[in-house]
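Please consider the structure shown below together with the notes on charged side chains and strand pairing that accompany it.

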Amino acid sequence: MEIRAVENQPNDEMVVEGYAIRFNEPAVFDIGGTEYREIIAPGALDYADMRDVPLKYNHSDHVMVMARTRNKTLELIKDEKGLFIRAKLADTTAGRDLYTLIKRGDVDKMSFAFTVDYDNGGDEYDRKTRTRTIKRIKKIWDVAAVDTPAYDTTSISARSFFELEREKERKALEREARRKKLLIMTYL
């Protein structure tokens, strides 16, 4: 997973985005020379508590919170790929430092802290493949830009304001084209 910085934001906002969770993409752990896997299933977030989630650096409580869902500086968007995040980093020394490291590519991965909802069939384990599948997450405690992720397919990055605007415009044009096609098909 990667995280990226979004450049040229209005009022010099430092916006980063990426995937903190990627569904069906395993994390591989080596424990005593034996490989184990963990996968987050697509429905795992359906009932997860994500009301007050901070964005941190390396999950650290020793660094200031960079953004938060509670004050709408952090968006968590569940889609078909996983959990996409978009954050406006705080204009603090820590926020500027993290933005710079993401923009340079020094920090380009993400992680998440969570609890499994064991009361509702939260996980299952396949002994043959040594794979744990997380089927239901109870709470997301934080998402984090990290140096070394457990799930290597996560991402975070910076993007320019103009790239974001072009993407919004492209998606709007695609939606309009689909709508027109559906209208034509309806009346044929």
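This is a predicted model: local features need pLDDT of at least 70, side-chain atom pairs count only at pLDDT 80 or more; totals for chains, interfaces and linings use all residues.

Residues are numbered from 1 along each chain as its sequence is written, and side-chain values use heavy atoms, with hydrogens and water left out.

**Salt bridges**

- The model holds 18 salt bridges, a salt bridge being a side-chain nitrogen of Lys or Arg within 4 Å of a carboxyl oxygen of Asp or Glu.
- One of them joins lysine 78 to aspartate 46, with the closest N and O atoms 2.4 Å apart.
- Lysine 78 belongs to strand S7 (residues 74–78) and aspartate 46 to the loop between strand S4 (34–40) and strand S5 (54–57), so this pair ties together parts that are 32 residues apart in sequence.
- Helices (H or I, at least four residues) and strands (E, at least two) are DSSP runs, numbered from the N terminus.
- Lysine 56 forms a salt bridge with aspartate 61, the closest N and O atoms again being 2.4 Å apart.
- Arginine 96 and aspartate 91 meet through their side chains in a salt bridge of 2.6 Å, N to O.
- A network of salt bridges links Glu17, Glu75 and Arg86.

**Accessibility of the paired residues**

- Relative accessible area is classed as buried under 20%, exposed over 50% and partly exposed in between (1.4 Å probe, protein chains only).
- Lysine 78 is partly exposed at 40%, and aspartate 46 is partly exposed at 44%.
- Aspartate 61 is exposed at 63%, whereas lysine 56 is buried at 12%.
- Arginine 96 is partly exposed at 36%, whereas aspartate 91 is exposed at 62%.

**Aspartate 49**

- Aspartate 49 is located in the loop between S4 and S5.
- Leaving aside neighbours within four places in sequence, aspartate 49 is in contact (heavy atoms within 4.5 Å) with Lys138, Lys139 and Ile140.

**The four-stranded sheet**

- Four strands form an open sheet in the order S6-S5-S12-S9, with mixed pairing; two strands pair if DSSP finds at least two bridges between them.
- Strand S6 (67–68) and strand S9 (109–116) are the edge strands, each pairing on one side only.
- S9 and strand S12 (residues 137–146) run antiparallel and are joined by eight bridges.
- Methionine 110 has alanine 145 in S12 as its bridge partner.
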